[in-house]
Amino acid sequence: MTFFTILFAVALFVLWKTAAIVPMRDAYVKERLGKFSGVLQPGLHFLIPFVDRIAYKQEMREQVLDIPPQTCITRDNIQVTVDGVVYLKVMDAERASYGIEDYRRASVNLAQTTMRSEIGKLDLHESFAEREKLNEAIVREIDRASDPWGIKVLRYEIRNIEPSAHVVHTLEKAMEAERSRRAEVTLATAHKEATIASSMGRRQEAINLSEGKKQKSINEATGHAREIGILADATAEGLKKIAAAIAQPGGDVALKMRIAEQFTDRLAQVLSTANVSVVPEGLANLQGFFAGLGETSRTMNGQPAINGAAAQGGGRVRAEGASRS
């Protein structure tokens, strides 16, 4: 039993040294007598006992490495603390094994150095505003330097950029001053716009009033012109009718009687409202005129005329004068 136990143990040891099962996510680097012999891909592989050995096991999946926080100086001499993460992947297991001692630690150190260099090329506000460009520049520099190691840097992300407490306090004061300035500018702009709007309103009001007055004057002038035209047309029509009436038999006599009546009415109005007593100079002629009108009226009515009536108006009556009321 002891012999078979020893034999079984030796067989297990030989089998363990002979067979190698490579997981799907890994790649094994095989050495034969201390020299690189090949890369074992995922699956079952057999080795020569005491001749072949698995020297390195490389992770072939994408890896995430934390970049510890470090202090950087920006181009405008402001001290900031920056940290981030880098994503990389082993592309060549042989070079990752023999090209460098520890590609993970080397990648972290290279990322820190590159990040410090790139931050120094930017001002503080640019480092916040152009974070995407900063990440791309760091990836480009790390990938170029890590190519001999057989790894590929996929991307780099800056997690935090923290200025010092003194810088933060100064920035807060600057932002407060900037907000105050913007508030004053906004108020001034609003006052300016309000003043412009008010002046434009007064200007439009004046224009509307002037347009209204203009239109009113035009309307009044148009109405007055129409009134004058209507009165002129009515007067012309009246004159036509008067001329037609005068052309009829007895029309001239009727016209004289109408004129005499209007003269009498107007004279009475003048005498009743005037502050001066008036005695007409041609009173005798006026009496003879009215006597002639009476004779004409009797003639039109078929009555006999009164002889000598017109002769009584032959005398002239002189105006005795005027006296103030």
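Contact is taken here to mean heavy atoms within 4.5 Å. The structure is a predicted model, in which local features need pLDDT of at least 70 and side-chain atom pairs count only at pLDDT 80 or more, while totals for chains, interfaces and linings use all residues. Residues are numbered from 1 along each chain as its sequence is written, and side-chain values use heavy atoms, with hydrogens and water left out.

Helices (H or I, at least four residues) and strands (E, at least two) are DSSP runs, numbered from the N terminus. Strands S3, S2 and S5 form an open sheet of 3 strands in the order S3-S2-S5, with antiparallel pairing; two strands pair if DSSP finds at least two bridges between them. Strand S3 (35–40) and strand S5 (52–59) are at the edges, each with a single partner strand, so one side of each has no neighbour in the sheet. From one strand to the next the twist averages 30 degrees, where axes are lines fitted to C-alpha atoms, for helices over the stretch in contact, and angles run from 0 to 180 degrees between N-to-C directions. The antiparallel strands S2 and S5 are joined by 7 bridges, and Tyr28 has Lys57 in S5 as its bridge partner.

Glu31 belongs to strand S2 (residues 26–32). Glu31 counts as buried because its relative accessibility is 6%; buried means under 20% relative accessible area, exposed over 50%, and partly exposed in between (1.4 Å probe, protein chains only). The side chains of Glu31 and Tyr98 are joined by a polar contact of 2.8 Å. A polar contact is a pair of N or O atoms within 3.5 Å; within protein, one must be able to donate a hydrogen and the other to accept it, and residues adjacent in sequence count only if both atoms are side-chain atoms. Leaving aside neighbours within four places in sequence, the residues in contact with Glu31 include Phe36, Val51, Arg53, Tyr56 and Tyr98.

Ser97 is located in helix H2 (residues 93–98). With 7% relative accessibility, Ser97 counts as buried. A polar atom of the Ser97 side chain lies 2.7 Å from the backbone oxygen of Ala93. Not counting residues up to four places away in sequence, Ser97 touches Val29, Tyr56 and Gln58.
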